[in-house]
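Subject: Structure for you to look through

Hello,

Here is the structure I said I would pass on. Please open it first and keep it beside you while you read the notes below it.

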Amino acid sequence: MRALAWERFRRKKLAMGSLFIIVMFYLCGSLAAVLAPHSYRAQNLDNTEQASWLSQPYCAVVSMLDPTYKPPKVAPSTDHLLGTDRAGRDLLSRILFGMRTSVIVSVASILTGSILLGVTLGALSGFMGGRVDSLIMRIGEVFLAFPGLLLVILISATVRDRVQAWAENFELTTGFKGLVESGFIDYVVVFGAMSVFGWVGVARVIRGQILQVREMDYITAAIALGGTTRRIIVTHVLPNTTNIIIYMLSVGLGAAIGSELVLSWLGVGIKTPTPSLGVMIFESQGQTAFLDQISCRKPPLFLAPVTLITVMTFAFALLGDGLIDALNPRSRDSVSGTKDTAL
Amino acid sequence: MVAYIVRRLLWTPVVLIIVSFATFTLGYYGPGDPMQVLMGQKNNPEVVERLRKERGLDKPFFEQYVNYVTGVVTRFDFGESYKFTGQSVGDLIRPKIWNSVQLNLVGEVLGVTIGVVLGLLAALKQGSRWDPSIIISSLFLSSLPLFILQPFLAVIFSRMLRLLPSSGWEPGLFGLQILSPYIIMPGFILALGPIGSVARLMRASTLEVVNQDYVRTARAKGLPENAVRLWYIGRNSILPIITILGLSLASLVEGGFIMETLFGIPGMGRLALDSFFARDYPVIMAITLIIATAYVLANLAIDIVYTFVDPRIRLG
């Protein structure tokens with residue numbers, strides 16, 4: 001069943017391409033420490049706003065079209081492939097480490113929130129039914145009723161000091177240094193807050209699936225034929241739910257990356273100097289900045305992270321779309337025999 | 001079924017109490033004293049203490065909470081804002097909710113209308129080049145982040161073409177902002193999200209409907225193709241969109257703070273954010289309660305509609 005879906009998925013070129021891009025993002029993010037040519041916080045005030053070496057072909061074209069073109073102050077060099085920011089920090093390294101932050105936060109929050117909490121609670125709810133079901137669903141409703149992002153902000157602001165105090169105490173008593181410095185606190189606060197609110201969607205979907213499947217005739221048949229509960233769950237119920245889980249996980253990862261970006265942009269997520277794409281966007285935004293960078297007068301401090309996040313959001317959207325088509329057993333190419341498009 | 005609805009409705013005040021209690025606790029035990037924030041860095045501790053006493057902030061936790069709840073339930077009195085001293089929370093929120101509702105309405109209506117049309121088109125032209133192009137471009141437009149959409153549109157439509165205002169929020173015809181040019185850019189940007197998701201949903205739904213027998217019957221009866229498309233295919237495909245609209249109804253009272261900050265719109269998003277940073281707890285409580293109520297009611301509506309859509313699901 002999964003193999004068939006994978007075959008269908010592989011034929012969709014756009015979805016495969018998006019998957020490739022996403023995998024590359026996560027790979028580069030995880031290996032940021034190895035790939036980045038410089039440290040993300042090494043400042044060099046003699047070399048601020050150096051032009052981007054990689055943009056040279058684009059800038060050459062722009063300089064031909066624009067009569068008022070003035071090149072940036074410092075000429076590009078292969079030392080800093082994307083140039084430097086206002087404090088002389090290497091842009092490429094900051095982007096790579098920002099990707100790492102997104103990777104860490106999204107994976108952590110999806111693992112704890114969606115998988116650990118969401119699937120477990122949803123499955124519990126669906127199978128047990130009755131009062132357990134009502135309790136879990138009503139708690140979930142309370143969580144859903146909170147205006148999500150706003151409360152993540154409130155929690156981040158409220159809890160952060162306590163986590164910080166705990167971490168400093170921990171360092172003192174165990175002599176384990178570097179915990180606070182690494183920005184560990186920021187990560188914990190952000191993904192903790194996001195998990196607390198992220199589990200409800202997955203739980204509800206899992207529960208819905210289980211409720212639907214429970215009433216199906218083939219389950220009744222399996223019970224009538226003497227199947228044990230465990231076998232029914234494993235053979236009949238779970239395979240139907242894993243498709244939806246895969247879809248929700250992929251969408252969830254994309255959403256988590258976006259949420260981390262917004263939180264850091266607001267200043268309540270990852271804080272400087274810990275790198276984050278949101279922080280980079282905040283530091284470099286504005287209409288003049290946009291114009292300056294499009295016309296190659298400044299290095300792409302704003303354009304680089306924004307392009308990255310646009311590409312990633314788009315990739316996740318295409319991936320989700322491809323997944324829906326591939327995992328849906330009633331999709332039109334298998335039933336009605338119409339042409340399978342690239343989407 | 002009726003018993004189920006009644007039970008859910010009875011649960012609503014419980015949910016609201018839990019939500020308000022949790023928010024109140026976070027506020028009470030959270031860092032930062034609202035009066036200190038109000039007075040600034042070099043605050044005089046005596047003045048801060050006097051201000052706290054004036055507002056009853058030195059009373060024990062439960063007394064404060066009970067006072068608050070009684071006020072809300074009996075007099076609809078959500079208290080007075082800490083930040084904007086003296087102003088009642090109700091007066092503060094009312095114009096902002098109105099602004100957010102107008103903006104969200106424009107975004108939703110525009111988004112859903114365009115999305116439905118695009119989704120229908122994409123499904124009917126399935127197999128040709130139009131189908132994937134429509135879906136891909138609507139997905140792409142909805143993935144563009146605000147940080148790039150706003151400067152991009154502002155540069156083109158405000159600086160170069162001088163057609164639209166790039167920020168600001170003033171009343172237009174009949175004193176309504178919804179009929180003024182200020183709403184065009186943010187409204188359009190807001191519509192891009194729903195366009196993407198509604199188009200996809202509509203397309204999937206239409207594709208399932210198109211193969212149904214009743215469509216064949218309609219064609220066999222000799223109905224003109226356009227009538228078939230509009231009445232039989234279109235009407236039946238819209239069903240899942242309607243359930244989505246239910247949730248959007250609840251989100252009308254919310255606001256995106258990034259959008260409101262970039263466009264200078266005084267709406268719920270900015271109010272919420274400013275209140276959080278100013279530790280203005282009466283306002284925070286009121287906003288949370290309003291949004292929570294909207295979502296709980298919308299959830300109930302959706303669950304009920306679902307039983308009509310898929311009769312196999314049993315509630316309760």
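Leaving out neighbours within four places in sequence, A:His80 is in contact with A:Gln50, A:Trp53, A:Asp90, A:Leu91 and A:Leu92. Two residues are in contact here if their C-beta atoms, placed from the backbone, lie within 7 Å. A:His80 sits in the loop between α4 (56-65) and α5 of chain A. Helices (H or I, at least four residues) and strands (E, at least two) are DSSP runs, numbered from the N terminus. Is A:His80 buried or exposed? A:His80 counts as buried because it has 26 C-beta neighbours inside 10 Å. The cut-offs are these: a residue is buried if 20 or more other C-beta atoms lie within 10 Å of its own, exposed if 12 or fewer, and partly exposed in between, with C-beta atoms placed from the backbone. From A:His80 to A:Ser39, 41 residues apart along the chain, the C-alpha separation is 12 Å.

Some ground rules before going on. This is a predicted model, in which local features need pLDDT of at least 70 and side-chain atom pairs count only at pLDDT 80 or more, while totals for chains, interfaces and linings use all residues. Residues are numbered from 1 along each chain as its sequence is written, and chains are lettered from A and ligands numbered from 1 in the order in which they are written.

**The rest of chain A**

Chain A has 14 helices and zero strands. Of its 343 residues, 42% count as buried. Of the contacts in chain A between residues at least 6 apart in sequence, 77% join residues at least 24 apart.

Helix α5 (residues 91-128) and helix α13 (residues 303-327) of chain A have axes that come within 10 Å and cross at roughly 35°. Axes are lines fitted to C-alpha atoms, for helices over the stretch in contact, and angles run from 0 to 180 degrees between N-to-C directions. The crossing of α5(A) and α13(A) is right-handed; a crossing is left-handed if the near helix is turned anticlockwise from the far one by less than a right angle, and right-handed if clockwise. A:Leu91, A:Ile95 and A:Gly98 of α5(A) make the contact with A:Ala304, A:Pro305 and A:Leu308 of α13(A). By class, the residues of this contact are five nonpolar, one polar and no charged. Here Ala, Val, Leu, Ile, Met, Phe, Trp, Tyr, Cys and Pro count as nonpolar, Asp, Glu, Lys and Arg as charged, and the others, Gly among them, as polar.

Helix α9 (residues 217-224) of chain A lies largely in the open, because the number buried among its eight residues is zero. Just after α9(A), A:Gly226 takes a positive phi of about 95°.

A:Ile139 is in helix α6 (residues 130-145) of chain A. A:Ile139 counts as partly exposed because it has 16 C-beta neighbours inside 10 Å.

**The nonpolar core**

Which residues touch the most other members of the largest nonpolar core? Of its 133 residues, they are A:Val190, A:Leu319, B:Ala199 and B:Ile287. A nonpolar core is a set of buried Ala, Val, Leu, Ile, Met, Phe, Trp, Tyr and Cys residues joined through C-beta atoms within 7 Å. The largest share of this core, 14 residues, comes from α13(A). Domain 1 (2-89) and domain 2 (93-309) of chain B each give the core at least three residues. Not counting residues up to four places away in sequence, A:Leu319 touches A:Ala15, A:Ser18, A:Leu19, A:Ile22 and A:Ser250.

**Chain B**

Chain B comes to 14 helices and zero strands. Buried residues make up 33% of its 316 residues. Its C-alpha atoms fill a box of roughly 85 × 60 × 35 Å, taken along the principal axes.

Regards

Terms used
Domains from an automatic or database assignment.
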